Amino acid sequence: MDDAIAFNRRNLLKLGAAGATGMVLSTTPASAESYPAPTKVDTGVVEGGKVKFPEWRGPEETPSGNPSAPMPPEERVGFAVVALGRLSLEEILPAFAETKKSKLVALVSGTPEKLSAVAKQYGIKPEACYDYEDFDAIKDNPDIKAVYVVLPNSMHREYVERAAKAGKHVLCEKPMSVSSADGREMVKVCEEQNVRLMIAYRIQYEAANLFLAEKVRSQAYGRLVGMSAINVQTVAADGAEQWRHKKALAGGGSLPDIGLYCLNTARFLTGKEPIEVMATQYSPPDDPRYAEVEETVSFTLRFPSNFIANCLTSYGARDDKHQRLNFEKATVDMANAYKYEGQSLTVTELDGDKSMQKKVEIALNNQFAAEIDHMATCIIEDRKPRTPGEEGVQDHVLMEAIYESARTGAPVRLEAPSRLDAFRGPPASVKL
């Protein structure tokens with residue numbers, strides 16, 4: 001009886017007469033035939049295998065958009081993730097739950113106990129678990145279409161090339177290696193093996209930075225004059241034991257690890273390449289953490305338009321990942337610019353006769369899911385990734401120039417191509 005009453009409370013049109021105005025609740029459910037027919041606004045329509053809904057909100061409201069349309073599991077691109085460190089376990093593996101075109105099908109690790117535990121957590125079959133010695137056996141696993149390399153920097157080249165020779169496409173963490181020479185060889189091998197190589201520049205697939213890039217390129221706020229980019233964080237007192245502090249594994253210190261975000265984002269936002277770099281670096285003396293790699297690097301990039309980007313990266317300052325862009329007609333601040341989440345945009349500009357600060361509301365996305373799905377799209381459509389190996393090589397060329405400037409104290413001049421996005425593939429759709 002209670003269920004019948006609750007049913008009728010939710011369906012007032014089916015109630016009997018009287019109440020506060022003489023109505024009395026009926027305990028008899030209405031028949032299905034008495035309900036009004038649903039409209040397309042409620043049920044949606046199927047177009048191209050996807051469900052779409054007519055907009056139900058008023059024109060003053062933010063459009064609600066259409067529901068997610070993931071590919072069937074059997075049609076998704078299967079990935080093997082190589083190395084089960086912090087980044088893989090905290091960000092990359094969970095991101096597969098938010099992908100639409102990709103799926104996790106294999107794992108590679110040199111730690112058997114961890115490999116077994118993670119495989120059980122993600123439902124990976126024992127026969128799809130590999131160690132580094134039998135890595136080449138991925139060639140015989142048809143479920144694996146792509147490999148995501150998440151190893152220390154100096155190991156990227158070996159496993160990118162081994163994956164390519166096994167006939168698998170490769171998504172490689174940044175920086176792509178430890179030198180431009182290594183990077184060029186990686187690009188060459190992948191081309192010879194006819195597989196796609198993409199570098200995991202997640203910022204180029206992140207919604208807020210993509211929004212900002214559109215504003216820069218369209219000159220929505222006038223000419224871009226300058227940029228301040230900061231990516232700093234501290235490391236533990238015993239950090240010297242971390243691989244990031246071993247030059248043979250990392251290739252450098254804060255610059256290739258976190259400073260690369262400042263460098264690559266300045267290039268990506270504008271679509272242009274710097275023609276001059278000037279840099280200085282510092283490491284605390286007698287600190288074993290910096291016996292082999294640098295703590296702090298400050299560098300300036302000058303572009304053909306005379307846009308200037310001032311960048312700071314360090315392992316010695318409390319976590320801050322902020323960028324500010326100074327336009328002719330506005331200032332744009334982005335907090336958490338290079339973090340995994342939490343980006344926010346504030347625009348300061350003239351509104352009438354007053355200077356106003358406006359927060360831009362942007363629906364943020366999972367950067368890792370976006371980049372993984374872009375790689376899957378490129379495999380499915382057989383096209384070049386937005387951030388191919390050439391993009392990674394260019395960053396190594398520029399980092400080498402930054403280190404040279406810091407060493408000599410003199411600016412380093414560079415040749416820059418005139419076309420936009422000279423080292424990138426076609427733009428990516430990052431909607432999730």
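The structure holds 7 aromatic pairs, a pair being two rings of Phe, Tyr or Trp (its six-membered ring) whose centres lie within 6.5 Å. This is a predicted model, in which local features need pLDDT of at least 70 and side-chain atom pairs count only at pLDDT 80 or more, while totals for chains, interfaces and linings use all residues. Residues are numbered from 1 along each chain as its sequence is written, and side-chain values use heavy atoms, with hydrogens and water left out.

**First stop: two rings**

Select Tyr-340 and Phe-368. Their ring centres are 5.3 Å apart and their planes stand at 65°, so the pair is edge-to-face (planes over 60 degrees apart; under 30 counts as stacked and the rest as tilted). Tyr-340 lies in the loop between strand S14 (330-335) and strand S15 (344-351), and Phe-368 in helix H10, so the pair ties together parts that are 28 residues apart in sequence. Helices (H or I, at least four residues) and strands (E, at least two) are DSSP runs, numbered from the N terminus.

Is Phe-368 buried or exposed? Phe-368 counts as buried, at 3% relative accessibility, whereas Tyr-340 is partly exposed at 37%. Buried means under 20% relative accessible area, exposed over 50% and partly exposed in between, with a 1.4 Å probe and protein chains only.

Axes are lines fitted to C-alpha atoms, for helices over the stretch in contact, and angles run from 0 to 180 degrees between N-to-C directions.

Which residues make the contact? H3 supplies Leu-87, Glu-91, Ile-92 and Ala-95, and H10 supplies Phe-368, Ala-369 and Ile-372, where contact means heavy atoms within 4.5 Å.

Now select helix H9 (residues 254-270) and helix H11 (residues 389-408), whose axes come within 10 Å and cross at roughly 110°. That makes H9 roughly perpendicular to H11. On the H9 side, the contact residues include Leu-255, Leu-260 and Arg-267; on the H11 side, among them are Glu-391, Leu-398 and Tyr-403.

**Last stop: a ring cluster**

Finally, select Tyr-132, Phe-135 and Tyr-159, which ring pairs link into a cluster.

Note on methods. Angles under 35 degrees count as roughly parallel, over 145 as roughly antiparallel, 65 to 115 as roughly perpendicular and the rest as oblique.
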